[in-house]
Amino acid sequence: MNNQQTPEKTVIDEVVESLIKRTELLEKEQLVKNEALLAKEKETQALLASFDSKYSNIVIQAPKPDMSGVTAELFRSLTDIKETIEKWQKPLKKEYRITLFPEQLRSVEYVRAVLTRLILGFIGLVFLIFTYLLMNKYIQ
């Protein structure tokens, strides 16, 4: 039995040793990759810093816009509009009228009410004049 146990230990030992070697190799590769990645990160940071320093001081000044074409076109258009308006007929004329009845309302009830008030007002005015004349004679 001793013979059989020894080979098993050696196989297990070989597997463990190969796993340990493989792990060490992977760790070394990982360290190399991490160092390369850190170097690339430092290089990237340096490039970003140089980019920021280069382009942070750039001042862009746009030229002033030339509005003369727009101004001339607006002036021409406004002149055309003014001339067109002046060519139109001016139908405005002043009229002074006294209207007893509004032009929009021509209902019979409205006309009857206005005429009744006018006639009653006229009769009342005549009555007041005659009353004044009669009272004037008696007062003197």
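Is Asp80 buried, partly exposed or exposed, and what is its relative accessibility? In this predicted model, Asp80 has a relative accessibility of 35% and counts as partly exposed. The cut-offs explain the label, because partly exposed covers the range between under 20% for buried and over 50% for exposed.

The overall fold comes first. The protein chain contains three helices and zero strands. Along the sequence, the pattern reads α-α-α. Helix H1 spans residues 2-55. Helix H2 covers residues 68-87. Helix H3 runs over residues 108-139. The chain has 140 residues, and buried residues make up 1% of them. The chain exposes about 14,500 Å². Carbon and sulfur atoms supply 64% of that area.

Confidence was examined next. The mean pLDDT of the protein chain is 84. A score of at least 70 is reached by 89% of the residues. Among the elements of the chain, H2 has the highest mean pLDDT, at 91. The lowest mean belongs to H1, at 85. Where pLDDT is low, the predicted coordinates should not be read in detail.

The structure has two salt bridges. One of them links Glu73 to Arg76, with the closest N and O atoms 2.4 Å apart. Glu73 and Arg76 are three residues apart in H2, so about one helical turn separates them. The other partner of Arg76 is Asp80, and here the closest N and O atoms are 3.1 Å apart. Asp80 and Arg76 are four residues apart in H2, again about one turn of the helix. Glu73 is partly exposed, with a relative accessible area of 39%. Arg76 is partly exposed too, at 42% relative accessibility.

A search of the whole structure finds one aromatic pair. The pair is formed by Phe51 and Tyr55, whose ring centres are 4.7 Å apart. The ring planes meet at 50°, so the pair is tilted. The reason lies in the cut-offs: planes under 30 degrees apart count as stacked, those over 60 as edge-to-face, and the rest as tilted. Both residues lie in H1, four residues apart, about one turn of the helix. Phe51 is partly exposed, with a relative accessible area of 46%. Tyr55 is partly exposed as well, at 48%.

The patch covers about 1,200 Å² of surface. Its members include Leu115, Leu118, Ile119, Leu120, Phe122 and Ile123. Leu125, Val126, Ile129, Phe130, Tyr132 and Leu133 also contribute. Val126, one of these residues, lies in helix H3. Val126 is partly exposed, with a relative accessible area of 30%.

Definitions and conventions: Residues are numbered from 1 along each chain as its sequence is written. This is a predicted model: local features need pLDDT of at least 70, side-chain atom pairs count only at pLDDT 80 or more; totals for chains, interfaces and linings use all residues. Side-chain values use heavy atoms; hydrogens and water are left out. Helices (H or I, at least four residues) and strands (E, at least two) are DSSP runs, numbered from the N terminus. Buried means under 20% relative accessible area, exposed over 50%, partly exposed in between (1.4 Å probe, protein chains only). Accessible areas come from the Shrake-Rupley method with a 1.4 Å probe; for residues, only the protein chains shown count as cover. Rings of Phe, Tyr and Trp (its six-membered ring) pair if their centres lie within 6.5 Å; planes under 30 degrees apart count as stacked, over 60 as edge-to-face and the rest as tilted. Patches are made of residues with over 30% relative accessible area and no salt bridge: like charges are joined within 9 Å, nonpolar side chains (Val, Leu, Ile, Met, Phe, Trp, Tyr) within 5 Å. A salt bridge is a side-chain nitrogen of Lys or Arg within 4 Å of a carboxyl oxygen of Asp or Glu. pLDDT is the predictor's confidence in each residue, from 0 to 100.
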